[in-house]
Amino acid sequence: MNKFLRLLALCVALSMIPAFAAPTDVQAQLQRAIAYYDQGDYDAAVPIYRSLAAQGVAQAQNNLGLMYQAGQGVKQNDAQAEKLYRQAAEQGHVIAQFNLGVMYDQGLGVKQDYAQAAKWYRQAAEAGDPDAQSNLGFLYFEGQGVKQDRAEGMKWYRQSAAQGNANAQYNLGVIYDEGEGVQQDSAQAMKWYRLAAEQGYDKAQYNLGLMYAQGQGVRQDYAQAEQWFRQAAAQGHSNAQYALELMKEEGLIR
């Protein structure tokens, strides 16, 4: 089955402004920039974000960083994205802290540094960000940038999963499925795979299909296996597509 994963997509902030800003004016400008961004009018969004970022508005710094990261309305520039994320993160902007963690995790605009990734994930995780909690859990489980501590990793995965983070739910499924640092427990694996699968997480859908096909932790049920394999296959999951072909060849499904 698939091993642990972490979320490495960057996040745009939609609702935070610094306490020192003039709320009405700044919020109006931010909403205008967000509206332009959502419409795909990046050329109109960039100057608004740039002006607010220069004033120290953390949300604008984060969102402009994302645009530099993606090359939206500006020339793609990871180093400039990292600079802007850092400015926002140092003000305590939680999403920017997560994004800065991703930059260090992947080595984008900076030298890859798991210890720095863990530092920024931790700050965001302690503020309750579920994506940061999941990624910090991964680093503890793998011993990347921190001393390996699976109990600590489980703590962060659980906090993230409790907030509905599908990546953390999937990883908890893998942990219980394979007995990684815990007693193997197929029922717990089923529980966490199902929660992630119901959110459309293709890898969890595939693993849930396998458990039904093999009768692992549940009564063998080829109809249920087919259902979950089909959902994963529809998202392009190649192993799920292959599993469906095998089931047809063996006459288990039509």
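1. In the pairing of α12 with α13, Tyr222, Ala225, Glu226, Phe229, Arg230, Ala232 and Ala233 of α12 meet Ala240, Gln241, Ala243, Leu244, Met247 and Lys248 of α13, contact being heavy atoms within 4.5 Å. By class, nine of these residues are nonpolar, one is polar and three are charged; Ala, Val, Leu, Ile, Met, Phe, Trp, Tyr, Cys and Pro count as nonpolar, Asp, Glu, Lys and Arg as charged, and the others, Gly among them, as polar. The angle between α12 and α13 is about 145°, and their axes lie 8 Å apart. Axes are lines fitted to C-alpha atoms, for helices over the stretch in contact, and angles run from 0 to 180 degrees between N-to-C directions. The crossing of α12 and α13 is left-handed, that is, the near helix is turned anticlockwise from the far one by less than a right angle.

2. On provenance, this is a predicted model, in which local features need pLDDT of at least 70 and side-chain atom pairs count only at pLDDT 80 or more, while totals for chains, interfaces and linings use all residues. Residues are numbered from 1 along each chain as its sequence is written, and side-chain values use heavy atoms, with hydrogens and water left out.

3. As to the overall fold, the chain holds 13 helices and zero strands. Helices (H or I, at least four residues) and strands (E, at least two) are DSSP runs, numbered from the N terminus. The C-alpha trace spans about 65 × 40 × 30 Å along its principal axes.

4. Helix α10 (residues 186-197) packs on α11 at an angle of about 140°, with axes 8 Å apart. The two helices, α10 and α11, are therefore oblique to each other; angles under 35 degrees count as roughly parallel, over 145 as roughly antiparallel, 65 to 115 as roughly perpendicular and the rest as oblique. Their crossing is left-handed. From α10 the contact draws on Ser186, Ala189, Met190, Tyr193, Arg194, Ala196 and Ala197, and from α11 on Ala204, Gln205, Asn207, Leu208, Met211 and Tyr212. This contact has nine nonpolar, three polar and one charged residues.

5. Helix α2 (residues 42-54) and helix α3 (residues 58-70) cross at roughly 135°, their axes coming within 8 Å. Accordingly, α2 and α3 are oblique to each other, and α2 passes α3 in a left-handed crossing. Tyr42, Ala45, Val46, Tyr49, Arg50, Leu52 and Ala53 of α2 meet Ala60, Gln61, Asn63, Leu64, Met67 and Tyr68 of α3. The classes here are 10 nonpolar, two polar and one charged.

6. The largest pocket has a volume of about 170 Å³. On a 1 Å grid over the protein atoms alone, a pocket is an open set of points where a 1.4 Å probe fits, with protein on both sides within 12 Å along at least five of seven lines, and lining residues have an atom within 4 Å of a point. A volume is the space filled by probe spheres set on the points, which are joined across faces, edges and corners.

7. The lining of the largest pocket comprises 13 residues, with Ala213, Phe229, Ala243, Leu246 and Met247 nearest its centre. Two or more lining residues come from each of α11 (202-214), α12 (222-233) and α13 (238-249), and α13 gives the most, with five. By class, the lining has 10 nonpolar, two polar and one charged residues.
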